[in-house]
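We will go stop by stop.

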Amino acid sequence: MTNLNQLPTDLPVPKDDGACNHLVGMALPNVALLATDGSMVNLSQLPGRTVIYCYPMTGQPNVSLPEGWDQIPGARGCTPQSCAYRDHYQELQALNTNVYGLSVQSTDYQREMATRLHLPFQVLSDEQYQFQQALNLPTFVAAGMTLLKRVTLITNDGHIEAVHYPIFPSDSDPTWVLDYLKSKK
């Protein structure tokens, strides 16, 4: 059985393919997304700083990951990334920064994960790819599913201020975000 909380030591490292070079300075799309608490969240309307970590898909206990998942650079690590954001959540809040996870998985799928991992923030479903398409976020296909590549957006008043891409290992993402935010104080 796969331990979703641990990253294998032999994962391939994703390379910067330039797929996110266009994002800094862009306005977030005026799109409302369903959150794990049942609310609709329009990220473009949020005041102040917000971190949006976009990830491919979280695994579920006792359910196999897609065939070849660990060989796709950057695919593995959604659970460790989410747990790292959970563990750094208070630090991000102290910096007046909102946090949202975002994937193309259904809200019901995300809700199970958020509950199981005790996430103190909402996870948003872009199941219709509206957010992804509006920003032209990079994707890949695995097991017949089109999934987001792992990318983190730091926004301020609805505009993208900074982008972390590629992210490796996935659980280092919140530390990168905190270092960035502290440098801007």
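Select Trp69 and Phe140: both are buried. Bear in mind that this is a predicted model. The ring centres of Trp69 and Phe140 sit 5.9 Å apart, with the planes at 40 degrees, so this pair counts as tilted. Now trace the chain on either side. Trp69 is in the loop between strand E3 (49-54) and H1, while Phe140 is in strand E6 (residues 139-142), so the pair ties together parts 71 residues apart in sequence.

Next, select Trp176 and Tyr180. Their aromatic pair is stacked, at 6.0 Å centre to centre and 10 degrees between the planes. Both residues belong to helix H5 (residues 173-183), 4 residues apart, or about one turn of the helix. Is each one buried or partly exposed? Trp176 is partly exposed, at 29% relative accessible area. Tyr180 is buried, at 15%.

Now pick Tyr53, Tyr55, Tyr85, Tyr89 and Phe121. Together they form one aromatic cluster. The structure holds 6 aromatic pairs.

Last stop: helix H3, residues 107-116. Which residues are buried here? Select Thr107, Gln110, Met113 and Ala114. Look down the axis of H3: the buried residues fall within an arc of 125 degrees, so they line one face of the helix. Show what they pack against: strand E1 (32-35), helix H1 (78-87), strand E4 (97-103) and strand E5 (122-125). Turn to the other side of H3, where Asp108 and Thr115 are exposed. Finish just after H3 at His118, which takes a positive phi of about 55 degrees.

Terms used. Residues numbered from 1 in each chain as written. Predicted model: local features only at pLDDT ≥ 70, side-chain atom pairs only at ≥ 80, totals over all residues. Heavy atoms only, no water. Buried < 20%, exposed > 50% of the residue type's maximum accessible area, 1.4 Å probe, protein only. Helix = DSSP H or I, 4+ residues; strand = E, 2+ residues; numbered from the N terminus. Arc of directions from axis to C-beta. Contact = heavy atoms within 4.5 Å. Phe/Tyr/Trp six-rings, centres within 6.5 Å; stacked < 30°, edge-to-face > 60°.
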